[in-house]
Amino acid sequence: MSAIEIRSLSKSFGAVRAVDDVSFTVEQGTVTGFLGPNGAGKTTTLRCLLGLVTPDSGEALIGGRRYADLAAPLTEVGAVLEATNFHPGRTARDHLRVLCTAAGLPPARAGEALDQVGLADAAGKRVGGFSLGMRQRLALATALLGAPRILILDEPANGLDPAGIQWLRGFLRFLADDRGCAVLVSSHVLAEVEQTVDDIVIIARGRMIRQGALSELTSGGDHGVRVAAAEAERLRPRLEEAGATVESPESGVLLVRGVPPEVVGRAALEEAVVLSELVGQRSDLEQVFLDLTGDPAPPPGGDALPVQTETPGGTS
Ligand SMILES: Nc1ncnc2c1ncn2[C@@H]1O[C@H](COP(=O)(O)OP(=O)(O)OP(=O)(O)O)[C@@H](O)[C@H]1O
């Protein structure tokens, strides 16, 4: 049985079909990146999993059961959803202790969880003075309190500085590799999760776009180098001699595979060919994601801020 199973899930809000027949699974011991542009339906899918939104059809299961049917939810699944509210006057440790008491967990778990997320030094500080990054870590500590083996994290890298993002990557891998956790982590930035995840699920406008192992989706490794020059054809003999496969998709353009970009640059130098373009080609996955998230022109008088969602029934 999969740790997380989303089966033909659909959910509309009025005329907006937020999630439209989405299906995927997450296995124990793996990290799955749940990707899509703003408004794609990621948060709605995660809310369905956590019982905060009732799907119109389909199922969102944790360990084969609906969230509402879990006997001890905190010990089975930990979740970080956006903008968790913490009492500003309470210390980080007290915040977690309150949750421990409510969930029947030993109070010592509070300190352990803070330790795990690198907040041990700030345990006695009031949350009101925390940076966004510290709040993200505290939210993660909250999710870890019951030592669950399934984690659902909605944009956990938001607000983290580069060092924090680096730390998060290592931590998610640790949870999957050493603790055998199933981790589902959403993001609207491919590069943010690309180095961490085993599998990827991409959705846009509520619908599935791609899914599979990262290694399959980026397979091939060598995506070629695109070279443009009026005299591009003069490079061909040298490049083929160096072992490259050379195609010419249009006049004055070569697509060169099998050699690194430096070899193409050297050939141009030696042949004294003036280049107007020398670009490493993107993998299919990067291209798919770029096409989905590529900067559309902002609407007149508007901007491209993320859509704010309501929080039905409170936060995680
Ligand atoms: N409670 C709600 N009421 C009305 N519409 C909603 C509600 N929640 C989500 N939506 C709409 O459903 C669509 C999907 O939103 P969702 O928040 O699930 O996307 P997302 O991929 O998580 O995006 P983001 O990265 O911006 O959070 C959007 O068009 C959003 O406006």
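Predicted model: local features only at pLDDT ≥ 70, side-chain atom pairs only at ≥ 80, totals over all residues.
Entry 1. I then asked how many aromatic pairs the structure holds. The count comes to three. For Phe24 and Phe34, I noted ring centres 5.1 Å apart and planes at 45°. I next looked up where the two residues sit in the chain: Phe24 belongs to strand E2 (residues 16-26) and Phe34 to strand E3 (residues 31-35). They are 10 residues apart, and I listed the pair as a link between distant parts of the chain.

Entry 2. I turned to Trp167 and Phe171, which form a stacked aromatic pair. Their centres lie 5.1 Å apart, with 10° between the planes. I located both residues in helix H6 (residues 162-177); they are four residues apart, so about one helical turn separates them.

Entry 3. Phe171, at 7% relative accessibility, counts as buried because the value is under 20%.

Entry 4. I checked which residues join Trp167 in a cluster. Ring pairs link Trp167 with Phe171 and Phe174.

Entry 5. Finally, I looked for a charged residue at the tryptophan ring and found Arg137 over the face of Trp167. I noted its distance from the ring centre as 4.3 Å.

Terms used: Residues numbered from 1 in each chain as written. Heavy atoms only, no water. Phe/Tyr/Trp six-rings, centres within 6.5 Å; stacked < 30°, edge-to-face > 60°. Buried < 20%, exposed > 50% of the residue type's maximum accessible area, 1.4 Å probe, protein only. Lys NZ or Arg CZ within 6 Å of the ring centre and 35° of its normal.
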